[in-house]
2 protein chains.
Amino acid sequence: MQLLKDRVLKDGIVKEGDILKVGSFLNHQIDIGLYEKIGEEFMRLFSGRGINKILTIEASGIGLACVTALRFSVPVVFAKKSQTKNLDGDTYVSTVYSYTHGKNYDIRVEKKFLSPSDNILIIDDFLAKGKALLGLIDIVKQSGATLVGAGIAIEKGFQEGGALIRGMGVDVKSLVIIESMEDGKITFRE
Amino acid sequence: MQLLKDRVLKDGIVKEGDILKVGSFLNHQIDIGLYEKIGEEFMRLFSGRGINKILTIEASGIGLACVTALRFSVPVVFAKKSQTKNLDGDTYVSTVYSYTHGKNYDIRVEKKFLSPSDNILIIDDFLAKGKALLGLIDIVKQSGATLVGAGIAIEKGFQEGGALIRGMGVDVKSLVIIESMEDGKITFRE
């Protein structure tokens, strides 16, 4: 998606440790017009495949999932990262390691929100080592729902998540795949 | 907002400890059509007041803020609840007590995303004791931006947050105000 590539080049900031900061438009401040275009693109990529629910994970996936859901006219379910009083005991749980936070955490979805008749599209802002996406895929499997695919805004192609999850047969479509960020210079996979 | 009242009565679940679960349509599973109507209502309530940015807090405020932002055609900024590698050191910080999680946490917004020339609308799904909203208001004040008001989907009117924050002169508009939930029966403030 050329628009998103251009924006990453213009406003993305490469920091030490293979960190790409896109907080000025994607996941801290949100350019809502860009989100609309991303939602349209996910619609183009996944339309006609019977998707009836979008699954994401808090926090930064939620906005993108909602704007995409407006296009598909389907509900969003977001996995929660903490056990709160507001969650029923009856949940699907998967354990995810976060490199950003340096620890394991459980993600949870109440069982009543996913069922074997659902056709799920997973939406998230980032794919790097793939831990969050693997957790969401695990929850879809536990529920017996059909996983149609995963729509990702930005994939770090030089990390293992994309290859690993595509190797499992999941239809992962990333709007931008970064091939390398060496010396602060971003190059894309074509 | 009658549509939201009707939905709270139909699908809201009252649990012990003054907990209202609206996870089937508002903040775990999201009815995106309902979100659109809520966004329209916030537009009606706050239009013509020069709002150029919407501020919310992760996680469950983000979706509502984004759908509302589509109406206003303005960016969203969401306060983050944890210090991660992806945040710059240069942030506004406020400390918030969460009754849901039973602990204090810091919320943060990078300074570059709020400025004295901004006219801010805060959006959140819930207002109860008001701790999260007070934290967001504190951050707006630190930045020198103008706070136009706060749009809330559901306010628990029998808890102190709404009165406290309106008493500070903040224009809080809640689409639904719950007067009581005694014995599991929800009544609204008219």
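Axes here are lines fitted to C-alpha atoms, for helices over the stretch in contact, and angles run from 0 to 180 degrees between N-to-C directions. Helices (H or I, at least four residues) and strands (E, at least two) are DSSP runs, numbered from the N terminus. This is a predicted model, in which local features need pLDDT of at least 70, side-chain atom pairs count only at pLDDT 80 or more, and totals for chains, interfaces and linings use all residues; side-chain values use heavy atoms, with hydrogens and water left out. Residues are numbered from 1 along each chain as its sequence is written, and chains are lettered from A, with ligands numbered from 1, in the order in which they are written.

Start with a helix pair in chain A. Helix 1 (residues 2-11) of chain A packs against helix 2 (residues 32-46) of chain A at an angle of about 145°. Their axes are 10 Å apart. The crossing of helix 1 of chain A with helix 2 of chain A is left-handed, meaning that the near helix is turned anticlockwise from the far one by less than a right angle (right-handed if clockwise). Helix 1 of chain A brings Leu3(A), Leu4(A) and Arg7(A) to the contact. Helix 2 of chain A supplies Leu34(A), Lys37(A) and Ile38(A). Contact means heavy atoms within 4.5 Å. By class, the residues of this contact are four nonpolar, no polar and two charged. In this scheme Ala, Val, Leu, Ile, Met, Phe, Trp, Tyr, Cys and Pro count as nonpolar, Asp, Glu, Lys and Arg as charged, and the others, Gly among them, as polar.

Next come the sheets. Two strands pair if DSSP finds at least two bridges between them. One open sheet has seven strands in the order 11(A)-10(A)-9(A)-8(A)-4(A)-5(A)-3(B), and its pairing is mixed. Its edge strands are strand 11 (187-188) of chain A and strand 3 (29-30) of chain B, each pairing on one side only. Within this sheet, strand 8 (residues 119-127) and strand 9 (residues 146-156) of chain A run parallel, joined by eight bridges. Asp124(A) stands opposite Ile152(A) in strand 9 of chain A. Helix 4 (residues 131-143) of chain A lies across strand 4 (53-57), strand 5 (76-79), strand 8 and strand 9 of chain A. Helix 4 of chain A runs at about 170° to strand 8 of chain A.

Another open sheet of seven strands has the order 3(A)-5(B)-4(B)-8(B)-9(B)-10(B)-11(B), again with mixed pairing. Strand 3 (29-30) of chain A and strand 11 (187-188) of chain B stand at the edges with a single partner strand each, so one side of each lacks a neighbour in the sheet. Strand 9 (residues 146-156) and strand 10 (residues 172-180) of chain B run parallel over six bridges. Ile154(B) has Val176(B) of strand 10 as its bridge partner.

Two helices of chain B lie over these strands. Helix 2 (residues 32-46) of chain B lies across strand 8, strand 9 and strand 10 of chain B, at about 115° to strand 10. Helix 4 (residues 131-143) of chain B lies across strand 4, strand 5, strand 8 and strand 9 of chain B, at about 170° to strand 8.

Now look at strand 4 (residues 53-57) of chain B. Five of its five residues are buried, so this strand is largely enclosed by the rest of the structure. Buried means under 20% relative accessible area, exposed over 50%, and partly exposed in between (1.4 Å probe, protein chains only). Lys53(B), Leu55(B) and Ile57(B) point one way from strand 4 of chain B, while Ile54(B) and Thr56(B) point the other way. Strand 4 of chain B pairs in the parallel sense with strand 8 (residues 119-127) of chain B over three bridges. There, Leu121(B) is the bridge partner of Ile54(B). Strand 4 of chain B also pairs in the parallel sense with strand 5 (residues 76-79) of chain B, over four bridges. Thr56(B) stands opposite Phe78(B) in strand 5 of chain B. From strand 4 of chain B the chain crosses through helix 3 (residues 61-72) to strand 5, a right-handed β-α-β crossover. Right-handed here means that, with the strands pointing away from the viewer, the path from the first strand over the helix to the second runs clockwise.

Finish with single residues. Asn52(A) lies in the loop between helix 2 and strand 4 of chain A. Asn52(A) is partly exposed, at 29% relative accessibility. Beyond its neighbours within four places in sequence, Asn52(A) is in contact with Val74(A), Pro75(A), Ser117(A), Asp118(A) and Asn119(A). Glu41(B) is in helix 2 of chain B and is buried at 18% relative accessibility.
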